[in-house]
Amino acid sequence: MSAVSRKVSNPQWKNFQPPAVQDPAIVSYGRTPSSPTVLNGVPLSPGIMNSNQSLRETGLIEKLLHSYGFVQCCDREARLFFHYSEFQGDAESLKIGDAVEFQMSYDRRNGRPVACNMVMTDPNLVSCEIYSEERFIGSVVQEAKPAKPKNGTTMGSCDGQGRVTYEHNGEWFFLPYGLDDIVDNTGNTQIKPGDQVTFFIATDKRNGNLHARKLEQVEPKLTKYQGVVCSMKDSFGFIERADVVKEIFFHYSEYMGNINELLLGDDIEFEIQTRNGKEVAVNITPLPSGTVIFEDFSIERLKGKVLRTLKSNKRASDPLGGKIQFESPKGSQDIVFGDKDQDGEYTLLPGDIVEFSIATDRRDKLQRATKIVLLAETFEKTTERRETGTVVSLKEGYGFIQCAERDARMFYHFSEVLDAKSETKVQDEVEFTVTQDPTQPSRQVACRIRSIPKGSIGSVIVKPEKYIGTIEKEPANQKSPSKSSSKEDTGTIIFDMDGAIHKIVYYIKDINDLRNIPRFGDKVDFNIGEQRRPGVAVRMAVNVRLVLRNLSGRCQGYIATLKDNYGFIENIDHDKEVFFHFSSYEGTATELELGDEVEYMLTRKSSKLSAENIKKLPSGTIPANEDVVEELGIQQGKVIRPMRVVNPDQDDYPGLIQVGSTEDGDVQTYPYSITSLADKRDFMQKGDVVKFRVAVNSLSNELRAVNVTAVRQFIRAKVESVKDKFGFLTYEAEPGRKLFFHQSEVGGGLEVAPGDEVEFVVVHNQRNNKYSACSLRKITEKRRPERLLSRLKSMNDEMVGPRVVVTRPPKGPDGTKGFTQPRTPWNPQA
């Protein structure tokens, strides 16, 4: 509905004059015989018909009590008492707010005005207000709140009223309105502050007060905006607007397509609404890629000098912290740049000569430098010291350069290559700058790397003599990279030359056949290559070729320790262990268990040996070569030294069990290892009492302990809580601390839940001085609910039923042959 826009008289100047009412003093209680016999179709009583007719009024029922009520006059400010006997109809059908017509009279006892001859009338004809002829346009300044009608109020007059303002003849006016005054045409009865509405102005005939009635919201014309998705969370995100330098919130439910297809950087179109005082994006639709353009780029490429880099800027929060100085027709100018304006991620330094374009933001006309490229003339005009070298190793995202001017290898990241489109390869010759590693100040790294023509660095001179040697250490390859030092990319060969033992390094690239890479202990032949550098000559093995495999290097052993991604293998002699990484196992490492028999090869890629090419063997493949000494029987002793798995600080791998005491002088010790334990997960510590058998090795005649079992006291408790792979018991080994346990300590592969009863052994870890539970055994499979347990505790014997009471207890034999009294036959009475 459109409001009338022509100028009208201000409705507030109209002071309503109620119709003239006869003086109550002259109103007669009686009625003349000429009074009508029918009123509004309702026959009047004989008493009414015989009374004098006075002026009739309209009103609204305001209050109803047991036998009387009150009516509010519509044409004047008055509230009249009436008795149900004066209502011409069924008084039980009256409701508060009903429209009635009545006649005013006076009570003969106290002289107060009362309503009489009351009849129902058409509610459309009864109103306390006069509506304006046309609608007005205004805006809501205060939202109406729901409120309960107070006792003695009529419909529409309640608390929590809102306010609407409108302009008339250059003046602004405020009118109240309630929730009942809102016309629900769109299914949305909520009108918020700032909404445009149309309404009628109602003038109260009783007191001349003004009120806004029949409010209808004017639907605003939503403007379409464009932007780019710049952030996405779990159920909401943010859009970078194309019209202003600002981000706007949006909820996933406002996207008109499949939200799973919306990605960061997508161009979209949206509308804006105000919710809870904040602007949000609604009715979001996708746009073709490239539709939204924030900036215009200059075609001309400019040259300038870096004054300040992002790293040298002290204000880390400044998104455009870099600065470049360049010459323009207006003279020397400065322009800023950000972290995304550089072509590449290599290091920029103050004083660098660069080439760039100018980007102008369409929204605020801000200019910045972009597409910044470092020029080669930088190294000619600056005093930057450049070095040369050869790429000798490439990993995933980084590599190493062998310096030509010094005996050192420099780490570098691929992002430091100036030409991002080119790919560096092994043996490529490069030029670079050496700088301190920001993460490790004690280490130097290469940066600002640029390729140079091949042959710029002195070539390697290969001597014709062939030498035979043995692989002492393998170089780390990409399959199993070393993490300790870059020098481990080199391997070592031991060989005999001129009657003396020498060592020489080699690289993966120097192996002739990469399909047959030599392993630790293999025999190889090679040539010696010599590369002359300023002040030093470096020798290395080249043309390395496998001659003979070290078949004796295939070893067997037992899984002794399993960690997150590595473990240790106990050798076949039970006296040493060797490290292995899960990547060296030919299979799924999760299938390995303590005590499994495996086959492996020893390699030396650093100062320590490690196991490679690990294969699991069927149980019983490795011969035991041990016989239990039955004569000694079951021994009982005490652990005086645990295995190195328990105490990594000790030098010896096997543990040691002592039998006897030093006081008696009869002391015997027996070593034990992971294969000696009856339960491979048992955590033996120093001082634990154990039982075991003694076995002798048939080859070396050495004695050692087998079938070792800890003699411990089992304790019962209940599981209090479980979190993922660990939990806590209702037992306190330390005051105020529940006992910790790991799910792997539960026997039988079972899982425990809160409330389960278990028995366990308390273990004190001497390294960290903490207590934990091990060797858990589940006692109860199912547990009664707490409500039943508490009920059983509260019940006594008298409450349990039904009960059986023995009235004549049986007697034992009395030495006779049967009954002592003769039987009397039963004769039933007729």
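The model is predicted, with local features needing pLDDT of at least 70 and side-chain atom pairs counting only at pLDDT 80 or more, while totals for chains, interfaces and linings use all residues. Residues are numbered from 1 along each chain as its sequence is written, and side-chain values use heavy atoms, without hydrogens and water.

Strand 36, residues 554-562, pairs with strand 39, residues 597-604, in the antiparallel sense over five bridges; pairing requires at least two bridges found by DSSP. Arg554 has Met601 in strand 39 as its bridge partner.

Strand 36 also gives two or more residues to the lining of the largest pocket, as do strand 49 (737-742), strand 50 (757-765) and strand 51 (770-778). Strand 51 supplies the largest share of that lining, five residues. The lining divides into 22 nonpolar, nine polar and 15 charged residues; Asp, Glu, Lys and Arg count as charged, Ala, Val, Leu, Ile, Met, Phe, Trp, Tyr, Cys and Pro as nonpolar, and the others, Gly among them, as polar.

Cysteines are the last topic. The whole structure has zero disulfides, a disulfide being a pair of cysteine sulfur atoms within 2.5 Å. Cys74 counts as buried because its relative accessibility is 0%, whereas Cys230, at 30%, counts as partly exposed. Buried means under 20% relative accessible area, exposed over 50%, and partly exposed in between, with a 1.4 Å probe and protein chains only.

Terms used. Helices (H or I, at least four residues) and strands (E, at least two) are DSSP runs, numbered from the N terminus.
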